[in-house]
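Q: Could we go through this model together? I would like to begin with one loop and then turn to the overall fold.

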Amino acid sequence: MDYTIRAANVEDCKDIARMIMELAEYEKVSEHVKITQRDLEQDGFSKNPFFHGIIAEVPDQHKTKDGHTKIGYALYFYAYSSWTGRAVYMEDLYVMPDFRGKGIGKALMSKVAQLGMAAGCNQINFTVLDWNKPSVDFYLSQGSYNVTTTQGYHLMRCEGEALERLAQP
C-alpha cells in the first residue's frame, strides 16, 4: 500500500485529536481524554513545543470510508536518562485498524527512532497495556523489551488534587 510518513503540522491537529480518541476507545479509556485540538495546536506547535508528531498519510484513492487520508500518527518528546543520557519517549503510536499489518506502524516507530538517534538519543521508551497482545508482540518483534519484567520498574503518576497537594510549599 502506498503511504507517506511526514512531520506533523498544526493543520494535522484535528486528525490527531480524532485518532487520539480512536486509540483511547480501543484501549477502553476514552473517558480519560481531556485534550482538545486547540491544546494540541498550542502544545505541539508553539515556540517551545511539549511534543513532536509524525503522520502516516495515504493518497486519496486509499482514503477511509469516512474520507480520512491521515491514518496513523506517533507523538514523542525528548527526555533524559540519568544513567544513559538522551532518550526519546514515544507517547502514542497508532494506526487505524483497516491499515494495520501493512508496515505503517513499523514505519512510524522507525521514524521516531531515526529522529531520536539524529538528536543523540540512545533509547526509546513507551508504555503498552498488558492486555494488548498484538502491540506487545509487535514491540518485542522490533527488539524492545519489557522493563517491568527485566528491571522491576513501574510507571507511577501523581495528578489532580494529589498533584496540587504535592506542589504546596
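Q: Where does Lys 28 lie?
A: Lys 28 is in the loop between helix 1 and helix 2, the latter covering residues 37-44. Please note that this is a predicted model.

Q: What is phi of Lys 28 near?
A: Phi is near 65 degrees, which is a positive value in a residue other than glycine.

Q: Does Lys 28 count as buried or exposed?
A: Lys 28 counts as exposed because its relative accessibility is 61%, and the cut-off for exposed is over 50%.

Q: And Ser 46, which loop is that in?
A: Ser 46 belongs to the loop between helix 2 and strand 2. With a relative accessible area of 36%, Ser 46 is partly exposed.

Q: How far apart are Ser 46 and Phe 126 in sequence and in space?
A: They are 80 residues apart in sequence, and their C-alpha atoms are 24 Å apart in space.

Q: Turning to the fold, how many helices and strands does the protein chain have?
A: The protein chain has six helices and five strands. Their pattern along the sequence is β-α-α-β-β-β-α-β-α-α-α. The radius of gyration is 17 Å, close to the 15 Å that the globule rule gives for 169 residues, so the chain is as compact as a globular protein of that length.

Q: What does the C-alpha trace span along its principal axes?
A: The span is about 55 × 35 × 35 Å.

Q: What share of the contacts with a separation of 6 or more is between residues 24 or more positions apart?
A: Such residues account for 60% of those contacts in the protein chain.

Q: What does Leu 108 touch, leaving out residues up to four places away in sequence?
A: Its partners include Ile 5, Ile 54, Ile 55 and Ala 56, together with Tyr 73, Leu 93 and Val 95.

Q: What percentage of the residues count as buried?
A: Of the 169 residues, 30% count as buried.

Conventions:
Residues numbered from 1 in each chain as written. Predicted model: local features only at pLDDT ≥ 70, side-chain atom pairs only at ≥ 80, totals over all residues. Heavy atoms only, no water. Contact = heavy atoms within 4.5 Å. Helix = DSSP H or I, 4+ residues; strand = E, 2+ residues; numbered from the N terminus. Rg over C-alpha atoms; globule rule 2.2 N^0.38 Å. Buried < 20%, exposed > 50% of the residue type's maximum accessible area, 1.4 Å probe, protein only.
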